[in-house]
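Me: Can we go through the helices in this one? I'd like to see how they pack.

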Amino acid sequence: MARPVRIAVLGADGRMGRALIRAVLGATPRAVLAAASERPGHVSVGKDAGVLAAAERAGVEIMGELPAKGAADVWIDFTTASVTESVATTAAAHGIGLVVGTTGLGTHSRAALDVASQRIPVVYAANYSVGINVMLKLISDAARALGPDYDMEIVEAHHRGKKDAPSGTALRLAQALADASGRDLAAAARYARHGDVGARSVNEIGIQTVRGGDVVGDHTVFFLGHGDRIEITHRATTRDTFAVGAVRAALWVAGCQPGLYDMRNVLGLGL
C-alpha cells in the first residue's frame, strides 16, 4: 500500500481551515494531517487541530509559523491574499506541492504562484467544489451550442462577511463563457447596471453580486434567448464541499512535476 500523503493545513483555525482539517482526517488512509499552522500569536497556537475542527483528536498541535521543511508533502493554503506570496516562495524553497484556494489575489501574488510553479507543482483554483468544476464544463458546452442568440448573465451570492466582489468563482465562470463564445472578457464584462444604461449590448456578459446572511456560495448562469432560457445553478450548503475538493487536489498534486495546475487537471476535465 502506498504511503499516505502528508498534508499541512495553513490558516488552520479559520472556517475553511477547520473544514480542511476535517476533510484531511476523513481521507485516511490516503492522507494524514502532518501539520497545521496559524499566524504568530493566534489564540489557537498550541491547541490540537482536530479538537478545534470539531473532529477527533489529531495529535497535531497548531503552530504559529509555517511548517518546517520536510514536515509535509503538500501545503493547502486558504488564508489571505496578503500572505500568498510568502507562502508560495517558502513552499518553493522547501520543494513541496502547494494547493491554493485564497481568492482576491493581486498581481504580485499571482506572479509568485507562477514563479513557484517553475520549481514545484501548484494547484490554484477559484473554487475547489467538484460540482462547480463540472458546472464550468456544462456552461462552456452550452455557450458553444447556443451561440450568440442567447444572452449570458451570472448572479452570485455569498455571506455578508465576504470581502471581494464579484467572487473568484463568478469571474472564473465569466471567463469560461468568454472563452467558449470567443469574447474578450475585459471588454464584455458588465459588473453593474444603474440608471439609464441603454439597451443591453449583444456581447455583454453580466456579472452581478449579492451579499447577505450566511450564504456559503450560490452561482447561477443564465442563458436568455427569445422565448426560452436555461439556468445552470450550483449552491454550496457547507464549506466542507470546497475542503473535500482541495484535499482531492492535494492527493493528486503530490508527486506531480512542477507546473501550474487547476481543478480541470485534477478531475480530468477539458473545457
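Predicted model: local features only at pLDDT ≥ 70, side-chain atom pairs only at ≥ 80, totals over all residues.

Me: Which residues of H5 are buried?

Reply: Ile132, Asn133, Met135, Leu136, Ile139, Ser140, Ala142 and Ala143.

Me: How many residues does H5 have, and what does it reach end to end?

Reply: H5 runs over residues 130-146, so to speak 17 residues. From first C-alpha to last it reaches 24 Å, close to the 24 Å expected at 1.5 Å a residue.

Me: What caps the N-terminal end of H5?

Reply: Ser129 does. One of its side-chain oxygens lies 3.2 Å from the backbone nitrogen of Gly131.

Me: And what follows H5?

Reply: Gly147, with a positive phi near 75°.

Me: Back to H6. At what angle do H5 and H6 pack?

Reply: About 30°, with the axes 8 Å apart. Angles under 35 degrees count as roughly parallel, so H5 and H6 are roughly parallel to each other.

Me: Is that crossing left-handed or right-handed?

Reply: The crossing of H5 and H6 is right-handed.

Me: Which residues meet there?

Reply: From H5, Ile132, Met135, Leu136, Ile139, Ser140, Ala143 and Arg144. They meet Thr169, Arg172, Leu173, Ala176, Leu177 and Ala180 in H6.

Me: Let's zoom in on Thr169. Buried or exposed?

Reply: Thr169, which lies in H6, is buried, with a relative accessible area of 6%. The cut-off for buried is under 20%.

Me: What does the Thr169 side chain make a polar contact with?

Reply: The side chain of Asn127, at 3.0 Å.

Me: Which residues is Thr169 in contact with, leaving aside neighbours within four places in sequence?

Reply: Ala126, Asn127, Ile132 and His219. Ile132 is also among the H5 residues at the H6 contact, and Ile132 is buried.

Me: New topic. How do the axes of H1 and H8 cross?

Reply: H1 (residues 15-26) and H8 (residues 240-253) have axes that come within 8 Å and cross at roughly 55°. That makes H1 and H8 oblique to each other.

Me: Which residues make the contact?

Reply: On H1, Met16, Ala19, Leu20, Arg22, Ala23 and Val24. On H8, Asp240, Phe242, Ala243, Val244, Ala246 and Val247.

Me: Left-handed or right-handed for H1 and H8?

Reply: Their crossing is right-handed.

Key
Residues numbered from 1 in each chain as written. Heavy atoms only, no water. Helix = DSSP H or I, 4+ residues; strand = E, 2+ residues; numbered from the N terminus. Expected span 1.5 Å × (residues − 1). Buried < 20%, exposed > 50% of the residue type's maximum accessible area, 1.4 Å probe, protein only. Polar contact = N/O pair within 3.5 Å; in protein donor to acceptor, adjacent residues only side chain to side chain. Axes fitted to C-alpha atoms, helices over the stretch in contact; angles between N-to-C directions. Parallel < 35°, antiparallel > 145°, perpendicular 65-115°, else oblique. Left-handed = near helix turned anticlockwise from the far one by under 90°. Contact = heavy atoms within 4.5 Å.
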